[in-house]
Amino acid sequence: MALGSFTLVLSELLPVGALTEIGGDLGVSTGTTGLLVVVPGLAAAVSAPVLTVASRGFDRRPVLWGLAALTAVADLVCALSRDLGTMLAGRLLLGLALGGFWAVGAAIAPRLVGPESTHRASSLVTAGISVGTVASLPLAALAARSTGWWTAFWAAGLLGLAALAAQIRWLPPLPADSAVGWRDLAAVPRIPAARIGLLATVFVFLGHFASYTYIAPYLERHAHYGAGAAAALLLGYGLAGIAGNFLAAAALARSVRATVAVSAAALAAVAALLPVAADSAVLVAFLVLLWGAAFGALPLSLQTTMAQAVPRAPERGLAVFVTTVQVSLATGSLLGGLVVDGYGISASLGLGAALAACAVALVAAAPARRPQRRQEQKTVV
């Protein structure tokens, strides 16, 4: 499962590391090539709830096999593409697999281990986000400058096949926990704890992507990092994200609410301080690494919040969660771009800080979570 999550995130971010080269070979502008990043996110936002409902009642094992196979096919289509239309078709397939995996697959990890290992198992699967983020950009950049960007997609496709083979070999039967319908998905936001978790997710992902999307220009233009130094620091950001993911697994066992609040507060503080820290390379480096650790902790923490809010049917909560994440990150990037064009990068960092602070205030002001079994039954029925 961890290999599957790594392959998906690696595949999603590969174009970012070779955007210029891909656009040149396909004969389109860099801006148009950016659709290769937008399309999978939008497709994932749709596929998460649709696949959850469409696959209700099915054993999760063949569903996961199908998603792993779809990931491999998507990457192989991209590897063979020599025009934008074919490339976008491959990215659309990837988005379908991406949304389905995080809605269905993320709920599987706790079922593969004992109750005492739930957080560690989930953190191993979500670690694929950080590891895929770290590996994607250098892999794509190296391939683009040597054998050609398409070889990066060949490598990702082979990893997808490896994940499929491993899941066929080792995944046990995983009967569906419950049948999920559209009414069940619509009922999730009516559960108070789920509503708070979703709103916190919106603020966190809006704030993060409104600011982090433009961190490389900030490092080069404001903090005066060279291209090599900026790349090294962003690699450090990714490694810090891996550490933050596993630190969150330990912290969640004590308090889910505190883990979310502290991580979001750290993200807000970093975004607020970076504009005034630009003259200190050391302080900027520290803040960026802290940012990596803070955001690395948040996907697992927010996912756990949703799983606890809908304990009897975690797939239902995660389907809504995945859609919320994908829409929020796309909106955050777009909103940040508008702010950067109109007011500059420092303003986008300030916006990110304000939005993350809203998440902190929301979580801090929320009442203590009460047992949800009876309430959830009333809501769904």
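Trainee: Which residues in α11 meet which residues in α16?

Mentor: Pro 217, Tyr 218, Arg 221 and His 222 in α11 meet Ile 345, Ser 346 and Leu 349 in α16, where contact means heavy atoms within 4.5 Å. By class, that contact holds 4 nonpolar, 2 polar and 1 charged residues. Bear in mind that this is a predicted model, where local features need pLDDT of at least 70 and side-chain atom pairs count only at pLDDT 80 or more, while totals for chains, interfaces and linings use all residues. Residues are numbered from 1 along each chain as its sequence is written, and side-chain values use heavy atoms, with hydrogens and water left out.

Trainee: What makes α11 oblique to α16?

Mentor: The axes of α11 (residues 215-222) and α16 (residues 345-365) come within 10 Å and cross at roughly 135°. Angles under 35 degrees count as roughly parallel, over 145 as roughly antiparallel, 65 to 115 as roughly perpendicular and the rest as oblique. So α11 is oblique to α16.

Trainee: And what is the hand of the crossing of α11 and α16?

Mentor: Left-handed, meaning the near helix is turned anticlockwise from the far one by less than a right angle.

Trainee: Which residues of α10 and α14 meet?

Mentor: Among them are Ala 193, Gly 197, Phe 205 and Tyr 212 from α10, and Trp 291, Phe 295, Leu 302 and Met 306 from α14.

Trainee: How do you know whether Thr 259 is buried or exposed?

Mentor: Its relative accessible area is 8%, and buried means under 20%, exposed over 50%, partly exposed in between (1.4 Å probe, protein chains only). So Thr 259 is buried. Thr 259 sits in helix α13 (residues 256-273) and touches Ala 248, Ala 251, Leu 252 and Ser 301, leaving aside residues up to four places away in sequence.

Trainee: How do you know how compact the protein chain is?

Mentor: The chain has 17 helices and 0 strands. Its radius of gyration is 20 Å, close to the 21 Å from the globule rule for 381 residues, so the chain is as compact as a globular protein of that length. That rule is 2.2 Å times the number of residues to the power 0.38, with the radius taken over C-alpha atoms. Of the 381 residues, 53% count as buried.

Conventions: Axes fitted to C-alpha atoms, helices over the stretch in contact; angles between N-to-C directions. Helix = DSSP H or I, 4+ residues; strand = E, 2+ residues; numbered from the N terminus. Nonpolar A, V, L, I, M, F, W, Y, C, P; charged D, E, K, R; others polar.
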